[in-house]
Amino acid sequence: MTGRMTSTTTSRMTSTMNPITRPLAALLCLVLCLVPAGCGQADPFPEGSTMARIRDRGVLVVGIKFDQPMFGYKDPATGRITGFDAEIARLVARDLTGSERNIRFVETVSRERENFISQRIVDLVIATYSITPARARLVTFTDPYYYAGQDLLIRAADTRIHGVADLDGRTVCTAIGSTSVDRLRTEVSGARLEITDTYSVCVPALLSGRVDALSTDDTILLGLQAQHPDALRVVGKPFGREPYGIGIRKDDLAFRDYLNGLIDRWLAGGEWERAYRDTIGVSGATSESSKPSSR
């Protein structure tokens, strides 16, 4: 049996059967039509593709940050990963596996993103991952799903720092492997940089006065500031624009095209806006400058 059964064939079969066997035949037809090939539907994913492998495995493995409120943050009380990047990852899992719960998050700090992708530790990385030419030589990026601007987080009582030009001679903390490092070196060569593995290490250094500022993307800073609303503040003068992309294995163009199609669908269908509203939007930030244009 080929698995393809038309309504005409079905009616012929059932009309020639006695009342006892007729319900069994109808049940067989129903079971066959639950299988895509049984109803003449093509598999949406090419055999051997990344999409097909993830679907067959039933779980999407995502590299994400655990220490960035509003983007990728592991709640110490519940263990749940929250934030905009986490919601984008769940949308991918829902489309590939049928449920946003079929996902496993792996903590992926900035300097390990390319390694985790090339070594197949994760299927993709969604971790405030700025698209740059240097990184694009090692991994393949989707189109941008988010735009950020680099800014400064300082102590609330500090009246000396009003913008990036005021960092000359001061100590600024940021994370290794981020584009923030390169931009700081270009914009203010006189700043002393303290480079750490994660931005969460910078926060206590800033609170204690050991460093004068923390610099990275503005929405990441908003999340860190929200944890210490009376002690820290964002300067609010972004310098530079950062396009975030989903990182995947180099030259996996079928997977890239599939993900780009999802991003377009989320932008047009409202899923992107809902993810923003429920995460970054709780800070009072608006999405006008961060949302990519629908293509």
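Guide: What follows is a walk through a pocket, the cavities and a pair of helices in this predicted model.

Visitor: Which residues line the largest pocket?

Guide: The lining consists of Thr132, Arg135, Ile176, Gly177, Ser178, Thr179, Val181, Asp182, Arg183 and Glu242. Sorted by class, the lining of the largest pocket has two nonpolar, four polar and four charged residues.

Visitor: Which helix gives the most to the lining of the largest pocket, and which domains does the lining draw on?

Guide: Helix 7 (residues 179-187) gives the most, with four residues. As for the domains, at least three lining residues come from each of domain 1 (50-148 + 242-282) and domain 2 (149-239).

Visitor: A cavity, I gather, is a space that the probe cannot leave; how many cavities of 30 Å³ or more are there?

Guide: There are two cavities of 30 Å³ or more, and the largest cavity has a volume of about 70 Å³. Its lining is made up of 13 residues, of which Thr128, Ser130, Ser178, Tyr199 and Asp217 lie nearest the centre. Helix 7 and strand 11 (213-217) are the elements that give two or more residues to this lining, and by class the lining of the largest cavity has two nonpolar, seven polar and four charged residues.

Visitor: How should I read the way two helices are packed, taking helix 3 and helix 10?

Guide: One looks at the distance between the axes and at the crossing angle: the axes of helix 3 (residues 50-57) and helix 10 (residues 253-269) come within 8 Å and cross at roughly 75°. Because angles of 65 to 115 degrees count as roughly perpendicular, helix 3 is roughly perpendicular to helix 10.

Visitor: Which residues meet there?

Guide: Thr50, Met51 and Ile54 in helix 3 meet Ala254, Phe255 and Tyr258 in helix 10, and by class this contact has five nonpolar, one polar and no charged residues.

Notes
Residues numbered from 1 in each chain as written. Predicted model: local features only at pLDDT ≥ 70, side-chain atom pairs only at ≥ 80, totals over all residues. Heavy atoms only, no water. Axes fitted to C-alpha atoms, helices over the stretch in contact; angles between N-to-C directions. Parallel < 35°, antiparallel > 145°, perpendicular 65-115°, else oblique. Contact = heavy atoms within 4.5 Å. Nonpolar A, V, L, I, M, F, W, Y, C, P; charged D, E, K, R; others polar. 1 Å grid on protein atoms, 1.4 Å probe; cavity = no way out; pocket = protein on both sides within 12 Å on 5 of 7 lines; lining within 4 Å. Domains from an automatic or database assignment. Points joined across faces, edges and corners; volume = space filled by probe spheres on them.
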